[in-house]
Amino acid sequence: MWYTPLVRNKIYFDFNATTPVADDILQNISQAVAIWGNPSSIHWAGQSAKTLLRESRQSIAQALGVGPLELVFTSGGTESNNTILRSFFWRVIGRDRHEFITSSLEHPSVLKTMMWMRENGAVVHVVPVDRQGLFDWDFFHSVLSEKTALVSIMLANNETGVLLPVAEIVQKAHAVGAQVHTDAVQAFGKIPLNLKQLGVDYASLSAHKFYSLKGTGILYSRRGSEFEPLLSGGAQERHRRGGTENTLGIWALGKMAQKNLLINTQAERLQALRDHLEKRILNEISDVSVNHQTAQRLPNTSSLILKNVDGETLLMSLDLKGYAVSTGAACSSGNPEPSPVLLAIGLSRQEAQNSLRLSLGWSTSAEQVDQFVDVLKETVIRLRSLNELADESLLDKKILNVSSDVGLDTGVNTFSKEVSL
Ligand SMILES: Cc1ncc(COP(=O)(O)O)c(C=O)c1O
């Protein structure tokens with residue numbers, strides 16, 4: 001058992017937004033809280049915190065196939081991404097090698113930073129990824145040159161789960177002397193990840209996507225690949241990131257890194273569950289398609305388009321029944337605009353608004369998946385029939401307008417009561 005469900009009778013299918021904390025961590029957390037010293041202090045209290053940092057760094061480095069001193073602890077994926085992009089921005093301004101390449105599917109912490117860099121004079125090329133999940137190699141080759149300073153392409157997308165060809169990108173970028181950063185936040189903990197073999201110069205990871213605590217991240221910086229700190233301050237992290245380290249979060253991530261070998265087994269199990277989920281949905285619910293279905297994807301993620309069903313309404317209906325799902329990135333929820341990633345791969349606004357993201361995790365069982373499909377089916381049928389009723393009632397309203405003189409009863413009020421549930 002890898003996590004304690006937060007609430008009884010609630011089922012979680014939103015592991016790409018965040019993961020529950022592993023049982024192992026919950027059960028042993030008081031032991032780590034008791035190590036309260038400042039790792040920079042040279043007395044006994046500081047030394048035990050310093051040992052905690054050293055041991056965690058060692059386990060995480062081993063899990064990622066890199067050296068411990070190539071890892072810098074940060075507050076999360078957003079900070080790691082910002083650190084590398086902004087460091088390169090300031091470094092290359094006014095130099096010959098001053099261009100950047102990224103993809104249209106990046107998380108806002110990359111894409112918005114790139115747009116800020118562009119507004120401030122940087123040349124930024126955005127490589128499209130299409131509806132099939134294909135990276136536009138022709139475009140990439142047309143913009144990659146000896147002017148390219150940094151290529152930043154994510155390893156796995158948070159919404160459709162599509163995997164981008166980072167290993168090949170590294171080879172091509174290095175051939176022209178450019179460096180490569182990857183946002184590996186969604187890949188970390190879901191698929192085996194060896195950063196040395198991948199060959200990137202920099203990578204961003206986040207602990208809360210891997211059953212540990214929020215507020216802890218990793219910035220991998222290959223030996224010899226320099227960057228300027230985003231946060232200047234004390235000498236922490238060998239002068240690469242100022243600020244007293246989050247010892248609790250780092251301890252938790254170190255513990256999860258020791259479970260590294262389970263990633264492979266879980267990936268296989270989750271892929272079988274995800275495929276079963278999609279098969280049942282496609283067979284039993286009409287007018288559904290899966291985004292990036294034929295592309296290489298994360299094993300746990302399914303992004304669906306359900307025709308004639310509003311994603312937000314579906315999400316709320318499922319939530320009322322105890323199922324947590326998502327219509328897109330969690331950081332965009334509450335935003336009525338359709339997901340920029342889904343629009344970027346070529347979906348219409350309507351299709352993006354009809355989308356639902358399901359992401360499974362280590363505690364997901366076959367029973368939960370089957371139960372969920374039954375509930376989804378029933379909910380989709382109900383929402384579609386309400387839509388039909390709405391269309392009919394609109395028609396009735398028109399008739400009413402035309403025939404109000406003769407006092408016809410159209411049933412419009414009955415319908416409004418139903419949709420307001
Ligand atoms: C692909 C990707 N990059 C970066 C982040 C940001 O990570 P954090 O929440 O640790 O700042 C996320 C979080 O959803 C993500 O999915």
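Does R241 count as buried or exposed in terms of relative accessibility? At 14% relative accessibility, R241 counts as buried, where buried means under 20% relative accessible area, exposed means over 50% and partly exposed lies in between, computed with a 1.4 Å probe on protein chains only. The views below come from a predicted model, in which local features need pLDDT of at least 70 and side-chain atom pairs count only at pLDDT 80 or more, while totals for chains, interfaces and linings use all residues. Residues are numbered from 1 along each chain as its sequence is written, and side-chain values use heavy atoms, with hydrogens and water left out.

**View 1. The chain as a whole.** The chain holds 15 helices and twelve strands, these being DSSP runs numbered from the N terminus, with helices as H or I of at least four residues and strands as E of at least two. Of its 421 residues, 52% count as buried. Among contacts between residues at least 6 apart in sequence, 72% join residues at least 24 apart, a contact meaning heavy atoms within 4.5 Å.

**View 2. The salt bridge of E79 and R241.** The side chains of E79 and R241 meet in a salt bridge, 2.8 Å from N to O, the term being used for a side-chain nitrogen of Lys or Arg within 4 Å of a carboxyl oxygen of Asp or Glu. This pair links distant parts of the chain, with E79 in helix α3 (residues 77–92) and R241 in the loop between α8 (236–239) and α9 (247–257), 162 residues apart. E79 is buried, with a relative accessible area of 9%. By the rule given above, the count comes to 15 salt bridges.

**View 3. The salt bridge of K196 and E70.** The side chains of K196 and E70 meet in a salt bridge at 2.8 Å, N to O. The two residues belong to distant parts of the chain, K196 in helix α7 (residues 195–198) and E70 in the loop between α2 (44–64) and β2 (71–74), 126 residues apart. K196 is partly exposed, with a relative accessible area of 39%, whereas E70 counts as buried at 7% relative accessibility.

View 4. D374 and R280 meet through their side chains in a salt bridge of 2.6 Å, N to O. The pair links helix α14 (residues 366–403), which holds D374, to helix α10 (residues 262–284), which holds R280, across 94 residues. D374 is partly exposed, with a relative accessible area of 40%, while R280 counts as buried at 15% relative accessibility. R280, E284, D370, D374 and K377 are linked in a network of salt bridges.

View 5. A pair of aromatic rings is described by the distance of the centres and the angle of the planes. Rings of Phe, Tyr and Trp (its six-membered ring) pair if their centres lie within 6.5 Å, and planes under 30 degrees apart count as stacked, over 60 as edge-to-face and the rest as tilted. By this rule the count comes to 16 aromatic pairs. The rings of F135 and W137 have centres 4.9 Å apart and planes at 75°, so this pair is edge-to-face. F135 is buried, with a relative accessible area of 7%, and W137 is partly exposed, at 24%. F210 and Y211 form an edge-to-face pair, with 6.3 Å from centre to centre and 70° between the planes, and both residues are buried. Ring pairs link Y12, F15, F188, F210, Y211 and W362 into a cluster. The charged end of K172 sits over the ring of W137, 5.4 Å from its centre, the rule being that NZ of Lys or CZ of Arg is within 6 Å of the ring centre and within 35 degrees of the ring normal. R86 lies over the face of W116, at 4.7 Å from the ring centre.

View 6. Strand β12 (residues 355–359) is mostly covered, with five of its five residues buried. In a regular strand the side chains alternate between the two faces of the sheet. In β12 both faces are covered, with S355, R357 and S359 buried on one side and L356 and L358 buried on the other. Five bridges join strand β10 (residues 301–306) to β12 in an antiparallel run, two strands being paired if DSSP finds at least two bridges between them. The bridge partner of S302 in β12 is L358.
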